[in-house]
Structure formats: structure tokens, C-alpha cells
Amino acid sequence: MAKPAKKSEETAAPPVSEILKEPAEIKYAHELEALRQNEKDEVPAAWKLSPRSVLAYIVGTKKPLTATINGAQVEVPITRKFFGDDTIVERSIVTLASERALLLVGDPGTGKSWLSEHLAAAISGCSTLTIQGTAGTTEEQIKYSWNIARIIAEGPKPENMIASPCMISMRKGAIFRFEEITRCVGDVQDALVSICSDKAIAVPELPGDAMVFARPGFNIIATANARDQGVNELSAALKRRFNYVHIPVVADQKTEVEIVRTRSKELLERYKIAARVEEPVLKLLATVFREMRNGVTAEGVNVQKPSTTLSTAEAIGVALDAAIHSRYFGSGVVGADSIGRNLVGSIVKEDLDDVKVLKEYLSLVAKKRGEGDAQWKAFYEAAISAIK
């Protein structure tokens with residue numbers, strides 16, 4: 001009997017270590033398993049964890065959990081994934097425990113997709129059943145399409161149908177994620193109305209009453225950019241089928257610094273960059289972003305706001321760029337000058353008038369602070385040099 005052919009290196013799935021960005025259910029597999037082993041509450045149908053454990057996974061626990069991992073008993077810390085208000089996570093979990101779909105709304109960089117991914121990973125054990133909404137998204141991408149060659153040869157059969165991530169979620173009883181739903185045109189959005197209401201997809205091309213019914217555990221998490229709400233606004237029918245949860249910009253500087261510290265550390269570890277952004281530099285970065293975002297400094301000086309959304313995600317990007325730049329083209333120490341050098345690209349994007357906004361902040365605020373603070377002086381000089 002002939003041995004089955006081995007998969008080639010090109011077609012075989014890469015080992016986890018070779019995946020650039022691991023899905024949450026893989027990266028945090030030990031935490032999810034520890035929560036499962038320590039489960040003490042009732043778990044809803046088709047969920048992997050109870051609502052209380054889902055919350056613990058996302059907001060973290062004070063003490064590590066004891067669990068058996070790979071045959072050994074170990075202490076597993078449950079780290080915080082979402083640094084916003086815990087009640088936002090609670091309301092999201094409550095919505096998903098019902099039959100209503102969840103819509104996470106917020107400014108760019110507030111963690112909508114991040115929260116969506118971790119909710120799906122904790123509830124379904126799978127966060128990759130996703131559609132990225134664009135102006136080119138079609139109804140077929142939400143429901144199903146066909147293998148045209150086989151349709152011509154054999155006609156419409158179930159095995160010739162190409163299921164969408166939404167249909168796969170329905171069959172598995174899992175969470176389906178729809179990113180940037182308001183980027184899609186209204187007709188495409190409305191394809192979700194019957195799915196949200198009937199929890200089924202009709203397939204009229206197949207003979208008989210062909211329907212794909214959702215299994216218990218199926219639900220939808222959609223995200224929408226608050227700045228795009230008017231691009232393709234949801235219909236009244238679809239709005240009624242979603243529970244809206246608004247995610248605000250991080251309220252306090254301490255939390256923002258913690259987010260930037262945690263996420264930049266994770267990204268640097270992923271890229272194997274031996275660099276660290278020290279606390280004073282993180283605080284300076286968070287201060288710059290907060291003051292320019294709010295249009296007022298800690299001293300009460302009014303400054304112009306840039307057209308760009310200065311989100312926490314942008315601050316993380318600046319910290320990461322500064323660390324990489326310092327590693328390869330600098331001394332290896334991430335100083336305030338590294339932040340100033342890499343700040344410009346996050347503030348000046350589409351509108352070149354934002355150069356004037358940044359110059360004003362540097363002249364009125366950073367330069368003055370630099371007279372008595374070496375960190376601010378280094379930041380000011382590097383940022384001004386980068387603009388020129």
C-alpha cells in the first residue's frame with residue numbers, strides 16, 4: 001500500500017513559531033486552559049468558558065491560577081488584555097450571551113478589534129472567522145459563493161458551495177466577527193438582517209427548502225469607526241438587531257502609559273528587538289498625545305488639535321518605531337529624542353497643515369519645558385530636526 005504523499009513546505013501549515021501574529025486563542029492558550037480547568041460557574045451552550053471566566057480572561061486576575069499544562073502543574077498568570085472600563089467588557093459579554101448581536105463603536109485605535117478578537121477567542125476558541133468590511137465587500141462574502149467550474153460541470157450541490165466565515169460560524173456555533181461594518185454599502189449590510197433575526201441563511205440554488213441554520217453559540221461582533229458612522233450608516237432594521245457598546249478614548253494618563261508599555265513590550269518581543277522604553281519616556285509620549293488630542297496642556301495653555309486621531313494605538317506605534325530605530329540606527333537606548341524623531345509620521349498624515357499644529361506645540365510647550373528638563377529638551381530638538 002502506497003504511503004500518503006507528504007505536504008510540501010509551501011502548502012503545509014507553518015509551525016506556531018513561524019506565525020507573525022498568532023491568533024489570541026493560540027498566543028494565550030495556557031491562560032484559556034487555566035481558566036477552563038478552574039471553571040466554577042455554569043458555561044452557556046457551546047461556549048468554552050463561563051461569562052465570569054471570559055471577563056477574567058480579558059481584564060486579568062490579581063493572582064495566577066494553578067493548572068496542569070503539558071503534564072506539569074504550573075502557576076498561570078491571567079494578564080489584562082483590555083485596559084478600558086471593565087463594565088464595557090461586561091456589557092459586551094452579556095450581549096453575546098443573548099441572541100442580540102454586538103456592535104463596538106469608537107474612534108480609531110480605541111481597541112475595538114482587539115476586544116472583539118479576545119471575546120471571540122474566549123467564547124468560541126476561535127477568533128479568525130472574520131470579514132473585513134470595505135466598499136468592495138459583497139453579499140456573497142457574507143453568505144456564500146460557488147465553485148463556478150464545478151457548478152458548470154455538476155450543477156448546484158452542497159459540496160460545490162463555498163461557505164463564508166459567517167456561514168462557517170453558524171455551522172460551528174461560534175462567534176463571527178465583522179470588522180468596519182459601516183465601510184460596506186447598505187445593501188451588503190442588510191444581508192445581515194435575516195441572519196440576525198432568523199439565525200439562518202437560505203440557499204435557493206439548492207433543491208428543496210435548503211437552509212443553513214445556526215447552532216447554539218453563534219453570534220456576531222461587529223465594529224464601526226465612530227468617524228465613519230456617516231459613510232454607510234446602518235439601516236433602522238439592522239440597528240435594532242445590534243446592541244451598541246461605545247468604547248471611549250482612554251480617560252487617564254496612567255492607564256494610557258500602561259497600555260503603551262504592555263503592547264510595545266509584546267510587539268518588541270515578537271520582533272525579537274532587545275530594547276525597552278523606560279517609564280519617563282513613556283510618560284512624555286503619553287503627555288504629548290494627550291495634550292495635543294485634548295487641545296490643552298497641563299498648564300492650561302490652549303493648543304491646536306491635529307486632524308489625525310491621536311489614539312493610544314498611534315502612541316504604541318511611535319514607541320515601537322522609536323525602539324526599533326534605537327536598536328538598529330542608534331545607541332540602543334530609547335530616549336526622548338527617539339520619540340521626537342519618530343513622532344512626526346503619526347501626527348502629520350493626510351493634512352500637511354498638521355505640520356504647523358505640531359510646530360506650535362513644540363514651540364509653545366516642548367521648548368519651554370526643555371529649559372528646565374533634559375528629557376523635554378532632547379524631545380524638542382529631535383522633533384524640530386525631523387520636521388525640517
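**The pockets**

Tutor: The largest pocket holds about 940 Å³ of space. The model is a predicted one, in which local features need pLDDT of at least 70 and side-chain atom pairs count only at pLDDT 80 or more, while totals for chains, interfaces and linings use all residues. Residues are numbered from 1 along each chain as its sequence is written, and side-chain values use heavy atoms, with hydrogens and water left out.

A pocket is an open set of points on a 1 Å grid over the protein atoms alone, with protein on both sides within 12 Å along at least five of seven lines; a cavity is a set where a 1.4 Å probe fits but cannot get out, and lining residues have an atom within 4 Å of a point. Points are joined across faces, edges and corners, and a volume is the space filled by probe spheres set on them.

The lining of the largest pocket consists of 42 residues, and P108, G109, T110, G111 and A313 are those nearest its centre. At least two lining residues come from each of α5, α12 (253-270) and α14 (312-329). Helix α12 provides the largest share, six residues. (Helices are DSSP runs of H or I, at least four residues, numbered from the N terminus.) By class, this lining has 14 nonpolar, 13 polar and 15 charged residues; here Ala, Val, Leu, Ile, Met, Phe, Trp, Tyr, Cys and Pro count as nonpolar, Asp, Glu, Lys and Arg as charged, and the others, Gly among them, as polar.

The second largest pocket has a volume of about 540 Å³. Its lining has 23 residues, with K27, Y28, E266, E269 and R270 closest to the centre. Helices α1 (24-27), α5 and α12 each contribute at least two residues to this lining, and α12 gives the most, with seven. Of the lining residues of this second pocket, seven are nonpolar, four polar and 12 charged.

One cavity of 30 Å³ or more is counted, and the largest cavity contains about 30 Å³ of space. P108, G109 and T110, which were named for the largest pocket, also line this cavity, together with P248, V249, V250, S311 and T312. The cavity lining comprises four nonpolar residues, four polar ones and no charged residues.
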